[in-house]
Amino acid sequence: MQENNTIQNQSDIELSVVVLGYRGGEALKIFVAQLVESLSKSNIDYQLVVVGNYWPNTDDKTPEIVRELARVNKNIKPVIREKEGRMGWDLRSGLEVADGKYIAFIDGDGQMLAEDGMIVIIVTVDTKTGYLIGSPDIISRGFVYMRESKELIEQVRAKVKKLI
């Protein structure tokens, strides 16, 4: 079952951030709250696409948590589906419903705090095949200096190409 939530006018959304919340549970609430706080300060019209995909017959509470997050915040669009794959599949299920002019993704496990900075990866995906078109564009905010980190940026591009 896939769940989506209608939020603000889709044409107003400048940035969609796909948050991968697999088995995130209660920690996902904290991470999303931090991300909402950071994005709210940016004066950007944004949407969080919080992916709470799950394996059937498990005790994972993440789908219920994602539903609750979306219920209380109009900027959160939930994606809750029975899993058909791993992380790449979860990411694609979030990208499919992202409405922003620009799209970023982040793992919602809290290993990187939202206020520490963010790397935004902009990709163009063929809507018919689902394949990446060209090389991902990378925007850094807060902790990676692009000119000094060319090798790191190329490694990130290679990982994104492999993931998508």
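Predicted model: local features only at pLDDT ≥ 70, side-chain atom pairs only at ≥ 80, totals over all residues.

Q: Is aspartate 90 buried or exposed, then?
A: Aspartate 90 is buried, because its relative accessible area is 5% and the cut-off for buried is under 20%.

Q: Where does aspartate 90 lie?
A: In helix 3, which covers residues 87–95.

Q: What is aspartate 90 in contact with, leaving aside neighbours within four places in sequence?
A: Leu20, Tyr22, Val51, Asn53 and Lys83.

Q: Which of its partners forms a salt bridge with aspartate 90?
A: Lysine 83 does, at 2.6 Å from N to O. Both aspartate 90 and lysine 83 are buried.

Q: How many salt bridges are there?
A: The count comes to 7.

Q: Which residue pairs with arginine 23?
A: Aspartate 59, with the closest N and O atoms 3.4 Å apart. The pair links distant parts of the chain, 36 residues apart. Arginine 23 sits in the loop between strand 1 and helix 1, and aspartate 59 in the loop between strand 2 and helix 2.

Q: How exposed are those two?
A: Arginine 23 is partly exposed, at 42% relative accessible area. Aspartate 59 is exposed, at 58%.

Q: What does glutamate 96 meet in a salt bridge?
A: Arginine 81, at 3.4 Å from N to O.

Q: Buried or exposed, for arginine 81?
A: Arginine 81 counts as buried, at 16% relative accessibility.

Q: Which residues are linked with Arg81 in a network of salt bridges?
A: Glu84 and Glu96. Glutamate 84 is in the loop between strand 3 and helix 3. Glutamate 84 is exposed, with a relative accessible area of 61%. Its C-alpha atom is 9.0 Å from that of tyrosine 54, 30 residues apart along the chain.

Q: New topic. What pattern does the chain follow?
A: Along the sequence it reads β-α-β-α-β-α-β-β-β-α. That is 4 helices and 6 strands.

Q: And how much of the chain is buried?
A: Buried residues make up 46% of the 164 residues.

Q: What about the accessible surface?
A: About 9600 Å² for the protein chain, with 49% belonging to carbon and sulfur atoms.

How values were computed. Residues numbered from 1 in each chain as written. Heavy atoms only, no water. Helix = DSSP H or I, 4+ residues; strand = E, 2+ residues; numbered from the N terminus. Buried < 20%, exposed > 50% of the residue type's maximum accessible area, 1.4 Å probe, protein only. Areas by Shrake-Rupley, 256 points an atom, 1.4 Å probe, with all protein chains shown as cover. Contact = heavy atoms within 4.5 Å. Salt bridge = Lys/Arg side-chain N within 4 Å of Asp/Glu carboxyl O.
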